[in-house]
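Hi there,

Here is the structure I promised to pass on to you. Please have a look at it first, and then read on for what turned up.

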Amino acid sequence: MGGTDRRKERERSMVHTLVLGAGPTGLMTAMMLAVEGHRVTVLDRDPSPPKGGAEATWSGWKRPGVRQFPQPHLLLPGGYRLLAAEFPAAVERLVGLGGSRFNMISGAWDVGETGGPQPGDDRFETVAARRPVLEAALLAEAERTPGITVRREAQVTGLLTGTARTAGRPHVTGVLIRGGEQVEADLVIDASGRHSQVAAMLAGIGATPHEERAEAGFRYYTRYFHSADGMTPRPTPSPICHHNSVTIGTVPADSGTWSVTIATSSRDQELRSLADIDAWHRAMKLYPTEAHWAEGEPITGVTAMGGLESTYRRFVVDDLPVATGIVAVGDAWASINPVFGTGMTMGFRHAALLRDTLRMVGADDPVELALRLDDATQKNLEPVWESITAWDRHRLAEIDAEMRGEAYSTDDNDWNVDVALNIARSKDPAIVRGLVDVGGLLATPEEALVKPGLAQKAVELAVGASRYPDPGPTRRELLAALAND
Ligand SMILES: Cc1cc2nc3c(=O)[nH]c(=O)nc-3n(C[C@H](O)[C@H](O)[C@H](O)COP(=O)(O)OP(=O)(O)OC[C@H]3O[C@@H](n4cnc5c(N)ncnc54)[C@H](O)[C@@H]3O)c2cc1C
């Protein structure tokens with residue numbers, strides 16, 4: 001093939017994609033597709049970040065489209081590795097904005113039998129930053145990537161359709177923006193997050209995707225801190241530690257800032273007083289492993305966030321796409337209880353799956369594209385969503401039992417193994433690494449825990465041990481401290 005033919009072939013395979021949403025998933029998708037030579041237009045309803053560094057971004061960026069924008073966001077090692085491999089300049093940008101290098105296993109190095117740093121532990125590294133700062137770095141990198149146009153204050157309100165590619169299924173050819181403008185594309189990618197309205201827009205053109213919504217069931221009480229010397233506190237054995245009735249998250253961030261979150265069941269009315277700053281601090285003092293994280297200079301009050309739904313949307317029903325020319329990635333596909341911090345990493349992986357699918361089948365056969373992406377999503381991402389959804393059900397039932405003063409028991413082996421692994425985390429160097437491989441979305445539980453025999457070993461090590469390995473109060477002691485003002 002001569003140079004001109006190659007150029008024509010390349011132009012034929014170039015696709016104009018519209019990405020709805022400039023969150024982490026939308027930006028990663030845009031960059032991955034632009035690097036392939038596709039033309040990408042990203043549309044987001046919210047305004048641009050203010051000019052300035054991390055502090056201007058943190059305090060001044062208005063993002064009504066993302067309710068969780070000020071909440072703690074840790075990019076897991078799995079997501080970080082993908083970002084660093086594909087877009088090292090984005091990582092440099094993030095570090096330039098104050099992002100701090102953090103090894104997710106470092107808090108476990110001097111605990112119990114875990115035996116200090118080992119070769120290979122560098123796989124647990126990430127760069128920590130507050131969400132606005134992380135997103136500003138991604139946005140700046142996307143905006144300098146040739147082929148990408150990011151349009152802000154461009155809210156998508158409807159879908160455009162053209163000639164159907166398969167009988168009885170509408171074919172999406174673009175979107176309608178608030179104000180009436182129409183934008184056409186070869187492929188529309190919904191990355192508009194957990195509150196995506198695209199399922200309703202699809203219903204408006206006669207397509208009915210499969211959609212599930214359930215109350216996620218947790219409530220988060222978060223406070224941010226800052227240190228004068230730019231250091232973050234000594235890491236806890238794990239960024240999330242479970243206790244009777246609560247889970248505590250200690251999340252490092254950029255520029256000497258960090259956050260502490262106490263997560264409760266939404267049903268737990270007695271713990272609602274954690275929204276009170278003094279009560280929150282009295283509670284934190286009861287957890288010796290995490291208490292020092294609440295001793296910095298506060299930069300926020302305690303923000304309470306609840307009422308989250310876990311969502312799941314599938315555009316392939318009965319083995320056929322409900323509509324062609326449109327796919328969903330990231331939270332727009334599925335979202336869950338965020339306590340494990342999987343969202344951005346799942347979104348990055350979804351972006352890579354879409355890029356690979358488009359590479360394989362192009363956009364000329366939109367039915368095949370939709371089916372292949374759906375298949376890859378089911379195989380690679382759905383198991384994570386399912387396991388966290390199952391974990392949520394058990395954890396909420398466990399907290400319900402603790403509210404009644406009872407111990408929780410179930411014959412669900414997956415939950416019992418999970419509890420055993422958490423107990424045995426500090427008793428064995430291989431178990432803690434297997435756990436961080438899985439928790440960091442670097443490996444599946446089958447690869448990192450079941451096949452190497454670590455799940456079984458954990459069950460043996462956990463016999464007779466207390467449910468929660470990190471010290472903390474009983475529920476009665478916690479309630480007494482909250483009441484004691
Ligand atoms: C409390 C909390 C804590 C979390 N902590 C973590 C964590 O530690 N680590 C982690 O990885 N994840 C975490 N997450 C999850 C994380 O927020 C998301 O999974 C992640 O941001 C990926 O989201 P996304 O880009 O798919 O969607 P979003 O971040 O929701 O972005 C969607 C974008 O679409 C835009 N948009 C919406 N509707 C329209 C429209 N009609 N037209 C145009 N634009 C539109 C929005 O403005 C937004 O910019 C947390 C979530 C919550 C709720």
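**A buried arginine and its partner**

R475 counts as buried, at 7% relative accessibility. Please keep in mind as you read that this is a predicted model. The partner of R475 is E270: the two form a salt bridge, with the closest N and O atoms 2.8 Å apart. This pair ties together distant parts of the chain, since E270 sits in the loop between strand 14 (257-265) and helix 8 (277-284) while R475 belongs to helix 16 (residues 475-483), 205 residues away.

**Other salt bridges**

Side chains of opposite charge can pair when their charged atoms come close. How many salt bridges does the rule count here? The total comes to 31.

One of them joins R213 and E309, whose closest N and O atoms are 2.6 Å apart. Here too distant parts of the chain are linked: R213 is in strand 10 (residues 210-215), E309 is in strand 17 (residues 309-314), and 96 residues separate them. R213 is partly exposed with a relative accessible area of 42%, and E309 is also partly exposed, at 29%.

A local case is found in helix 10 (residues 366-380), which holds both R372 and E368, four residues apart, or about one turn of the helix. Their side chains meet in a salt bridge at 2.9 Å, N to O. R372 has a relative accessible area of 35%, which makes it partly exposed, and E368 falls into the partly exposed class at 28%.

There is also a network of salt bridges that links D44, R45, D46, R63, R131, E135 and R152.

**Where the two domains meet**

The protein is divided into domain 1 (1-75 + 129-214 + 308-380) and domain 2 (218-305). Their C-alpha centres lie 33 Å apart. In the contact between them, 18 residues of domain 1 face 19 residues of domain 2. About 1500 Å² is buried between the two domains, and carbon and sulfur atoms give 67% of that area. On the side of domain 1, Q71, P72 and R130 lose the most area to domain 2, together 34% of what that side buries.

The rule finds one salt bridge across the interface of domain 1 and domain 2. D254 and R130 form a salt bridge, with the closest N and O atoms 2.8 Å apart. Helix 3 provides the largest share of the side of domain 1 that touches domain 2, with three residues. By type, the residues on that side divide into eleven nonpolar, four polar and three charged.

L75 lies in the loop between helix 3 (54-60) and helix 4 (77-86). L75 is buried, at 1% relative accessibility. Beyond its neighbours within four places in sequence, L75 is in contact with Y80, L83, T126, V127, L134, M344, T345 and F348. From L75 to D44 there are 31 residues in sequence and 22 Å in space, C-alpha to C-alpha.

S106 is in the loop between strand 3 (100-103) and strand 4 (125-128), and N103 is in strand 3. Both are buried: S106 has a relative accessible area of 17%, and N103 has one of 10%. A polar atom of the S106 side chain lies 2.7 Å from the backbone oxygen of N103. The side chain of N103, in turn, reaches the backbone oxygen of D121 at 3.0 Å. Leaving out residues up to four places away in sequence, N103 touches W109, D121, D122, F124 and E125.

**Helix 13**

Which residues of helix 13 (residues 429-439) are buried? They are I431, V432, R433, G434, V436, D437 and V438. Their cover includes helix 12 (413-424), helix 14 (445-450) and helix 15 (454-461). At the N-terminal end, D428 caps helix 13, with a side-chain oxygen 2.7 Å from the backbone nitrogen of A430. Just after helix 13, L441 takes a positive phi of about 55°.

Definitions and conventions:
Residues are numbered from 1 along each chain as its sequence is written. This is a predicted model: local features need pLDDT of at least 70, side-chain atom pairs count only at pLDDT 80 or more; totals for chains, interfaces and linings use all residues. Side-chain values use heavy atoms; hydrogens and water are left out. Helices (H or I, at least four residues) and strands (E, at least two) are DSSP runs, numbered from the N terminus. Buried means under 20% relative accessible area, exposed over 50%, partly exposed in between (1.4 Å probe, protein chains only). A polar contact is a pair of N or O atoms within 3.5 Å; within protein, one must be able to donate a hydrogen and the other to accept it, and residues adjacent in sequence count only if both atoms are side-chain atoms. Contact means heavy atoms within 4.5 Å. Domain bounds come from an automatic or database domain assignment. Buried area is the accessible area (1.4 Å probe) that two parts lose on being put together, summed over both. A salt bridge is a side-chain nitrogen of Lys or Arg within 4 Å of a carboxyl oxygen of Asp or Glu. Ala, Val, Leu, Ile, Met, Phe, Trp, Tyr, Cys and Pro count as nonpolar, Asp, Glu, Lys and Arg as charged, and the others, Gly among them, as polar.
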